[in-house]
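The following note sets out several points for a colleague to consider while inspecting the structure.

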Amino acid sequence: WENRWVTNNGQFVQELEEKIKDYLGVKHFFYCTNGTVVLQLAMKAMQLKGEIITTPYSYVATVNSIIWEECTPVFVDIKPDDCCIDPMKIEEKINKNTVAIMATHVYGLPCDVEAISSLGIKHNLKVIYDGAHAFGTKLNGKQLLSYGDISTVSFHATKIFHTIEGGGICTNDDELAKRIYLFRQFGHIYDDY
């Protein structure tokens, strides 16, 4: 209250972003309204239009974000041992309309990020991770949210780390970060982006 800056990328949001960025070991991290909005920002920043392969075993917001961005969700089943999308079943769903894979890390268990990354490279697809359950999870000594073209997280009160409401989006891609920043800020520029 003392500095009268309580919205629009205030000092405490910036401080939280810096600390989370360092904790996750990512180049760019943006705090946002909620976990659904960050999934939408991911698709907007990547300019995705077409089919996005995903899992039905996620909160409805994952699929809603795809539909709201006028893309088509294509469902792939999960592996029974970890409830994450089965990469062995992804490739059979890829076609000329496929533009991305949106995989969900479930209950803090990581998707097979290496297999999914290989499919993304092989078929020139973007990889987005819905990491709502994965904040703080590590894989091979690396934060799970540092994988993919973009990873997102929810900070809803039901999550292990939360801000009561909110979400975040991270990437190591400078161009994607610039687009995400501008979308989030309605085009206002407050720093070096």
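1. The second largest pocket holds about 410 Å³ of space. Its lining comprises 22 residues, and those closest to its centre are Tyr59, Ala61, Ala132, Ser154 and Lys159. At least two lining residues come from each of α2, α3 and β8 (150–154). A pocket here is an open set of points on a 1 Å grid over the protein atoms alone, where a 1.4 Å probe fits, with protein on both sides within 12 Å along at least five of seven lines; lining residues have an atom within 4 Å of a point. Volume is the space filled by probe spheres set on the points, which are joined across faces, edges and corners. Helices (H or I, at least four residues) and strands (E, at least two) are DSSP runs, numbered from the N terminus.

2. The model is predicted: local features need pLDDT of at least 70 and side-chain atom pairs pLDDT 80 or more, while totals for chains, interfaces and linings use all residues. Residues are numbered from 1 along each chain as its sequence is written, and side-chain values use heavy atoms, without hydrogens and water.

3. Helix α3 (residues 60–68) has Ala61, Thr62, Val63, Ser65 and Ile66 as its buried residues (under 20% relative accessible area, 1.4 Å probe, protein chains only). These buried residues pack against α2 (35–45), β2 (51–54), β3 (72–75), β4 (98–104) and β5 (126–130). Just after α3, Glu70 has a positive phi of about 60°.

4. Met43 belongs to helix α2 and is buried, at 1% relative accessible area. Its contacts (heavy atoms within 4.5 Å) include Ser65, Ile66 and Met102, leaving aside residues up to four places away in sequence.

Conventions:
Buried < 20%, exposed > 50% of the residue type's maximum accessible area, 1.4 Å probe, protein only.
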